[in-house]
Amino acid sequence: MEIEMEVEGKPKPLLLVATPQRLIAIDMSKLKINHYEDKSKLKIDHYESRDFEIHSLPVFKMLNLVENDFPFGMRFFVRDSKLYMVGGEKLRRGASPKLVSFERSAGLDESFGDGGLSPYVFVLDLTGLDSTTDLDLLKHHTSMLAAKPTPIVEEIEGKIYVLSGTPSQSDCVLPTPTFEVYDPLIEQWKPLDQPLFYRESWSDCQKFEVIDHSVVGTTIYVLTFNLMNDSYHYYSYNVNDGNWKFLGESEDQLPVPYHFRPMCTGKFVPGYKDIYIFFHEDIPYAALIPSNDKSPTRYQALNEVDGALYLRQVASYSGLVVELGEHEMCIMQPGSVQPKEENPYPCRIILYMATFKVEKLLNSSSSAQDRGLKPLSTADASDVSQTSSHHDNDVQDIRAPFLSITCLSKGFYYLDEWGPEASYICSAFFHQLDLDLRKMIGSAR
């Protein structure tokens, strides 16, 4: 499919999105505000859903990583205008998309890396005019000390920390070290202490599954699932002292508010050090972080950009928050529209996506207690989904908003360009592309 770009002579705003199989550039200048109403059910292309229109995702360029012999399930980080993709699993040639995404039995190319697991780093230079039109990934001259499938990748204080995740296509003993750090200044990898959950099981990923993680300051929090006794475990690692700690089996034992915990994806708003946008049970919220421990954190449901997936019978897989620039943010929720029972077609993968501008209101400087309002504390975490998912006006009135949200775009989009894969977003990054006026044609296959 050929996609013609408009000749505008100004930077083209693109969102680079990585799924386990693909790297996609979305042309954000083509996004718009779509209005939806909750009316009676109707059929959309053999799919039963609420009354709303679904458009095609404005893809500028797409690279199928698996078909082009790159590893499956890489994760990326961005530094100095370069995108680095690390780890993953190299699938055997000719593996069908169904086996890769849904049955998880594609098999590995054992001649690649460490038995099919990838220690390699690939880089895309984003400074060139052709960087996003070509999506030309090149192998970096440094490799990790050990292969890392489905890795966790985080930049903390200028260094890149990479932790092995759970392989999606194989049952194996993970190569060691399972945890290491990269120093970009000297371009060297260094092994770090083995995580307790891997140390206890001899790095056997059949016993522990890494579910999610979060970063607060210099501490990484990891949620795992113990397959031996069906229990969730929480761990932490502080990059300053280099120690892993077991925190318990309940999230209430974590020493951070719930919006900073694993399973609550979020980002701070550029330009505001105290405004944090995050997902809680598929609903987007903003948190106003107090400057001292005596004041409570205040929360505001982002009704202006909430996709209200529960109203539209959309099964959501995960949410992602992306920084766009000064006071501007993006939220993305991949999911699926369920077909009717007699429908021979499979679920159709869709994406809810919204961009918006955040501005503080005058009352944002005063605490909820000072104004006689009821704050939403950590203990009210369960109340968040109950009240806001039903848009309870009484609840919203006693929790006065501290932000003005201006919706820039929102809508549901078909993900047919993604092909037959489960719509899980690994990473996303906003990039302003300076297009040469002579190069206005991009190709998406």
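**View 1. Surface and overall make-up of the predicted model.** The protein exposes about 20200 Å², of which carbon and sulfur atoms supply 47%; accessible areas come from the Shrake-Rupley method with a 1.4 Å probe, and for residues only the protein chains shown count as cover. Of the 445 residues, 58% count as buried, where buried means under 20% relative accessible area. The protein has five helices and 30 strands, taken as DSSP runs numbered from the N terminus (helices H or I, at least four residues; strands E, at least two). Residues are numbered from 1 along each chain as its sequence is written. Because this is a predicted model, local features need pLDDT of at least 70 and side-chain atom pairs count only at pLDDT 80 or more, whereas totals for chains, interfaces and linings use all residues, and side-chain values use heavy atoms, with hydrogens and water left out.

**View 2. Confidence along the chain.** The mean pLDDT (the predictor's confidence in each residue, from 0 to 100) is 76, and 69% of the residues reach 70 or more. Over residues 1–8 pLDDT stays under 50, and the model has 24 contacts beyond four places in sequence for them, a contact being heavy atoms within 4.5 Å.

**View 3. The largest nonpolar core.** This core, a set of buried Ala, Val, Leu, Ile, Met, Phe, Trp, Tyr and Cys residues joined through side-chain atoms within 4.5 Å, has 24 residues, and those touching the most other members are Ile275, Ile277, Val305, Ile331, Phe356 and Val358. Strands S21 (275–280), S22 (283–288), S26 (328–337), S27 (348–360) and S28 (403–414) each give two or more residues to this core.

Terms used. Buried < 20%, exposed > 50% of the residue type's maximum accessible area, 1.4 Å probe, protein only.
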